[in-house]
Amino acid sequence: MAGRNLIVSLAVVCLWMLLPVSGIAQTNSAPGAAGGPAEATKLLQLQKESPENAAKLLDEAIAADPANFRLHSYRSFVASRYAAAGNLPEALKQAEQGCDALLQKIEEPLAAGLTASSVQVYYSFARRAGKADPGRVEAALAGLRKAGTQSADGQYLQAIAQLTVLRSELLASGGRAQDAVAAIRDELQLLRAGIEQPASSEKAVLASARLLQALQLPFGGQSDAEQEAAKQQLQELFTAALKRLPESSAVLSEYLRVQGSEASRLSGTDPEAATRILEAARALAAESELKEQPAVKAAVAMYAPLDRRIESARLQLQMIGKPAPVLDIAATAHGTPVTADSLKGKVVLLDFWAIWCGPCIATFPHLNSMYDEFHSRGLEIVGVTRQYGYEWNPETKRASRAEGDVSMEAELAMLEEFMKHHELRHPTIVTPKESAMQKQFGVTGIPHAVLIDRQGNVRMIKVGTGEANARALHDMVQTLLAE
């Protein structure tokens, strides 16, 4: 499960890496380049068109400029449009076309990164379709390694690292966890020489950092001690690299990003440690001569949302064992109206969610399972949401943002259809527009689950989706029902 989530999350990031529209307008329309403003305008239309029309526009652009290999990377975006529309076979077809076209150009330096990202996106859809043949990632790695032997500046190393992680994840999902970890460690060993060479040092460091971060993930079955060792190696890598490459904004900004990631990981369980990490990272950036570099400023700017999350985590930890804030209810959708009195003496699971939140929807099966198992024993599950101005399309059976204002009655009708479509068993309350309830419960990210015992005290808070959170909530519900 963790491995699959890794591929999906990386694929989402890569989709945006593949769409450098602002850069397109600044290039010339020479063969193989991205084209000029006219092309940029046309490609921007992909974001506004239906999947079918977007695919047609892209086909026309490729036919008009077959030497422009960058155009093939846009297949990934069209594929995502098809997937969002529920057409996975066509999504996979588009991703496959883009991947295969770019594989033909993989030895060209400007195509290497685009190819690696397209391969990554292809596998995100292939896994969902049950067709994750490792042949394409093997071909891509072979092409990159061949090109790398003819280049001394390490320009292919990051793409190789990206696909090494992908290949390892595929190995692990196929039951070859030891081979998966060994592949990453072998690549790290190869990168050591590149780190020592001035021409390739920066790219070798960044590639090594990607691999060491992968070793901290559980997809290869690494023990806690092994994951901790990889984390220590990553810190040592950056400590040495920051001294060796003091003029590299890429290394500094990646270090700052990694520190932010670690602070984010700790924010929910140890907000004080997370704060210390961010304070040290900010101080390092402020003292650096590179502090005004865009990449460095962007990395530090990402800490602001973390500050809010850390403060929210402090509030959440302070809430445990104390009376829950009062519910602020404007209306109830999908079921009997919820009131404070109707929940007295019950174990209550509050699920803060939104109609547009994919991870929230991913938790619905877990919520239904707990409802079926525990409702008759005294568990009440209550969704909590706001008015977001969405309407229901009965033909597509999807909710979408309305163009004008949406009344509470219309919003409730949309929620009713949405919840029926997902076969949810429990009701959802809608809070008033000016409600402070979400803030009082420390909500900064959704899904946000709060478990309240029969006496009305908060006993557990979990943010996000995943099997670990689902198990923790399930076990705590059992405990609270037995008290």
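Which residue forms a salt bridge with Lys 346? Select Lys 346 and look for Glu 380: the closest N and O atoms of the two are 3.1 Å apart. Keep in mind that this is a predicted model.

**Stop 1: Lys 346 and Glu 380**

Lys 346 sits in the loop between helix 18 (340-343) and strand 2 (347-352). Glu 380 belongs to strand 3 (residues 379-385). Now colour by accessibility. Lys 346 is partly exposed, at 26% relative accessible area. Glu 380 is buried, at 17%.

**Stop 2: Arg 257 and Glu 254**

Next, select helix 14, residues 249-267. Pick out Arg 257 and Glu 254, whose side chains meet in a salt bridge with an N to O distance of 2.9 Å. Why are they about one helical turn from each other? Because they are three residues apart in helix 14. Check accessibility again. Glu 254 counts as buried, with 18% relative accessibility. Arg 257 is partly exposed, at 39%.

**Stop 3: Arg 282 and Asp 307**

Move on to Arg 282. Its salt-bridge partner here is Asp 307, with the closest N and O atoms 2.6 Å apart. Arg 282 lies in helix 15 (residues 271-287) and Asp 307 in helix 17 (residues 303-319), so this pair links parts 25 residues apart in sequence. Buried or partly exposed? Arg 282 counts as partly exposed, at 30% relative accessibility. Asp 307 also counts as partly exposed, at 30%.

**Stop 4: helix 15 against helix 17**

Zoom out to show both helices whole. How do their axes run? The axes of helix 15 and helix 17 come within 9 Å and cross at roughly 160°. That angle is over 145 degrees, so helix 15 is roughly antiparallel to helix 17. The crossing is left-handed.

Now select the contact residues. On helix 15 they include Pro 271, Ala 274, Leu 278 and Arg 282. On helix 17, pick among others Tyr 303, Leu 306, Asp 307, Ile 310 and Leu 317. Colour by residue class: the contact of helix 15 with helix 17 divides into ten nonpolar, one polar and four charged residues.

**Stop 5: a network**

Last, select Glu 228, Lys 231, Glu 262 and Arg 265 together. These residues are linked in a network of salt bridges. For the whole model, the count comes to 23 salt bridges.

Note on methods:
Residues numbered from 1 in each chain as written. Predicted model: local features only at pLDDT ≥ 70, side-chain atom pairs only at ≥ 80, totals over all residues. Heavy atoms only, no water. Salt bridge = Lys/Arg side-chain N within 4 Å of Asp/Glu carboxyl O. Helix = DSSP H or I, 4+ residues; strand = E, 2+ residues; numbered from the N terminus. Buried < 20%, exposed > 50% of the residue type's maximum accessible area, 1.4 Å probe, protein only. Axes fitted to C-alpha atoms, helices over the stretch in contact; angles between N-to-C directions. Parallel < 35°, antiparallel > 145°, perpendicular 65-115°, else oblique. Left-handed = near helix turned anticlockwise from the far one by under 90°. Contact = heavy atoms within 4.5 Å. Nonpolar A, V, L, I, M, F, W, Y, C, P; charged D, E, K, R; others polar.
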